[in-house]
Amino acid sequence: MTTETVSYATEAAPRLEWAKLVPDVYKAMIRLDTAAKQGLDHKLYELVKIRASQINHCALCIDMHSKDALAAGESVERIIQLSAWEESRHFYTERELAALELTEAVTVLTDGFVADEVYEKAAKHFEEAELAQLIAAITVINAWNRFGVTCRMTPGHYQPGAHK
Amino acid sequence: MTARTTRLAPEVRTAMQSLSAAAKRGLGDPALAELVQIRASQLNRCAFCLDMHVAIARKEGVSERRLDLLAVWQEAGDEVYDERERAALALTEAVTVLTDGFVPDEVYETAAKHFDEAELAHLIALITAINGWNRLMVARRIPPGGPAW
């Protein structure tokens, strides 16, 4: 058997080490993250974070949250199917589907608002305080995505559990 | 339109306020901060944030003309928005519309020419924070003028 050496593209350094440059901002983000995840189911939150990060094309966040989800006992299958969840609904609960639908609507605001149907479906599955936390959580992962993409943070080095 | 009654946890609200305050303080240009926040709120169609930041911009002395033309700043010419402001607005649009794909090198590098690293990091934080507020307000359908909580 011969071993083939694969030559991958060169890894690029981040554009901007924002967390080191502006520790006040980083601290506020950590505080916000902690506040938003209170009372939310951990596995559900990871699914939400992975889906938003897919939509926003944040490589670092996909790396981090796929690994965290796996470490939390999530199945490979449910993570793989996530980018096509509308076609693979039987992998998820109705509650998870409502959360994913809300995640997409709140993430893609530029296409127009959060439809009543989407909001009301989520409101059926989540009581008010929990729904507020879910909206906050979607908002926070969108914020991490913006730092990750804009500063072009390098994926691949995350160790699961490092950011709990 | 149906009202939505999702109250935010106070901890979420205060953490968001700290994020915005840190970003704005670090950028150190109140008029530009409002232009950025208005433009992101236009793109994200957030009525509450648009109403609020246009009012603050007026208080900061931003002219009616600069407010009126903000949605079409690219066509408005250098005499309305200077190069630094244009770099910040281009970055605002790229960071707001991530779903269309990444933040182009050209946009990032133009911003990096006009803002030093700490200013740039604070500007990115400000764009991120207003994107956060836009999401919190649109998702809960907060009407212009509030109440926001």
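The radius of gyration used here is taken over C-alpha atoms, and the globule rule is 2.2 Å times the number of residues to the power 0.38. All views show a predicted model.

**View 1. Chain A as a whole, with 8 helices and 0 strands.** From the N terminus on, the elements of chain A follow the order α-α-α-α-α-α-α-α. A compact globule of 164 residues would have a radius of gyration near 15 Å, and the 17 Å of chain A agrees with that. Along the principal axes, the C-alpha atoms of chain A fill a box of roughly 55 × 50 × 30 Å. Of the 164 residues in chain A, 41% are buried. Among contacts in chain A with a separation of 6 or more, 73% are between residues 24 or more positions apart.

**View 2. The contact between chain A and chain B.** Chain B puts 44 residues into this contact, and chain A puts in 42 residues. On the side of chain B that touches chain A, helix 1 (10–27) and helix 8 (117–139) each supply at least two residues. Helix 8 of chain B gives the most to that side, with 16 residues. By residue class, the side of chain B that touches chain A holds 24 nonpolar, 13 polar and 7 charged residues.

**View 3. The largest nonpolar core, with 98 residues.** The residues that touch the most other members of this core are Leu32(A), Leu19(B), Ile124(B), Ala125(B) and Leu126(B). Helix 8 of chain B gives the most to the core, with 14 residues. In soluble globular proteins, nonpolar side chains tend to be buried together.

**View 4. Surroundings of Leu19(B).** Which residues does Leu19(B) touch, not counting residues up to four places away in sequence? In chain A they are Val25(A), Ala28(A), Met29(A) and Leu32(A). In chain B they are Ala125(B) and Ala129(B). Two of these residues, Leu32(A) and Ala125(B), are also among those that touch the most other members of the largest nonpolar core.

**View 5. Arg152(A), a residue with a positive phi.** Arg152(A) lies in the segment after helix 8 (128–150) of chain A. Its phi is about 45°, although Arg152(A) is not a glycine. Is Arg152(A) buried or partly exposed? Arg152(A) counts as partly exposed, because it has 18 C-beta neighbours inside 10 Å, while a buried residue needs 20 or more.

**View 6. Arg141(B), in the segment after helix 8 of chain B.** Arg141(B) is a residue other than glycine, and its phi has a positive value near 50°. Arg141(B) has 18 C-beta neighbours inside 10 Å and therefore counts as partly exposed. Ser41(B) is 100 residues from Arg141(B) along the chain, and the C-alpha atoms of the two are separated by 14 Å.

**View 7. The cis peptide bond between Gly146(B) and Pro147(B).** The omega angle of this bond is about 0°. Pro147(B) is found in the segment after helix 8 of chain B, where Arg141(B) also has its place.

How values were computed:
Residues numbered from 1 in each chain as written. Chains lettered and ligands numbered in written order. Predicted model: local features only at pLDDT ≥ 70, side-chain atom pairs only at ≥ 80, totals over all residues. Contact = placed C-beta atoms within 7 Å. Helix = DSSP H or I, 4+ residues; strand = E, 2+ residues; numbered from the N terminus. Nonpolar A, V, L, I, M, F, W, Y, C, P; charged D, E, K, R; others polar. Buried ≥ 20, exposed ≤ 12 C-beta atoms within 10 Å, placed from the backbone. Core = buried A, V, L, I, M, F, W, Y, C linked by C-beta atoms within 7 Å.
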